[in-house]
Amino acid sequence: MLDTTILLTVVIALMIAGFAGYLFYLQRKNQRDEQQSKKASISLQLQAYERLTLLTDRIALPNLISRLGNPDVSASEMQYLLTKNIKDEFDYNISQQIYVSPEIWNAIRNLKENNLLIIHRVGASIPSMASAATLNRAILEYLMQDPKANLHEVVSEALSYEAKRLF
């Protein structure tokens with residue numbers, strides 16, 4: 001009788017130890033899965049910050065003018081090219097907003113709207129038959145006169161700051 005009680009106690013103890021070991025294994029597995037998921041999430045966020053930094057650089061008016069500058073078109077055609085390029089770049093990257101903070105996305109959107117406003121404001125101030133070079137020069141002069149107009153630098157710094165906070 002005593003042998004049966006000892007055997008039963010040992011079997012129950014082994015079952016409890018096995019169950020505890022299994023629970024420990026599940027807990028560790030869940031922690032590993034969470035860490036892998038977090039790494040994947042951070043990777044996606046970093047890619048979004050990279051793409052939005054590239055977007056910010058591509059729609060910065062000085063860069064846009066140097067990339068699209070075409071002396072053979074009129075100012076109105078250049079104005080169209082500049083605004084279309086900004087809108088296309090923005091639309092192409094719109095899905096990245098789900099990976100960044102609302103403040104960063106608002107900064108990107110404000111940059112787009114500010115650049116479009118500058119293009120239209122400066123475009124309205126020059127003669128309708130002016131050349132693209134005249135429009136481009138007027139936009140660059142506007143940017144030099146108003147340091148706040150270079151919003152792309154502020155947005156780039158904010159993107160960099162937030163990306164570094166992920167680590």
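**Exercise 1.** Identify the residues with the most contacts inside the largest nonpolar core, and the elements that contribute to this core.

*Solution.* The largest nonpolar core contains 34 residues, and those with the most contacts inside it are Leu61, Leu82, Ile108, Leu135 and Ile139. Such a core is a set of buried Ala, Val, Leu, Ile, Met, Phe, Trp, Tyr and Cys residues joined through side-chain atoms within 4.5 Å; buried means under 20% relative accessible area, exposed over 50%, and partly exposed in between (1.4 Å probe, protein chains only). Two or more residues each come from α1, α2, α3, α4 (102–125), α5 (132–145) and α6 (151–165). The largest share, eight residues, belongs to α4. Helices are DSSP runs (H or I, at least four residues), numbered from the N terminus.

The model is predicted: local features need pLDDT of at least 70, side-chain atom pairs count only at pLDDT 80 or more, and totals for chains, interfaces and linings use all residues. Residues are numbered from 1 along each chain as its sequence is written, and side-chain values use heavy atoms, with hydrogens and water left out.

**Exercise 2.** Determine where the buried residues of helix α2 lie around its axis.

*Solution.* In α2 (residues 61–68), the buried residues are Leu61, Leu64 and Ile65. They cover an arc of only 100° around the axis, so they are on the same side of α2; the arc is that of the directions from the helix axis to the C-beta atoms.

**Exercise 3.** Classify Asn85 as buried or exposed, and list its contacts.

*Solution.* Asn85 belongs to helix α3 (residues 75–92). Asn85 counts as buried because its relative accessibility is 17%. Leaving aside neighbours within four places in sequence, Asn85 is in contact (heavy atoms within 4.5 Å) with Leu64, Arg67 and Leu68.
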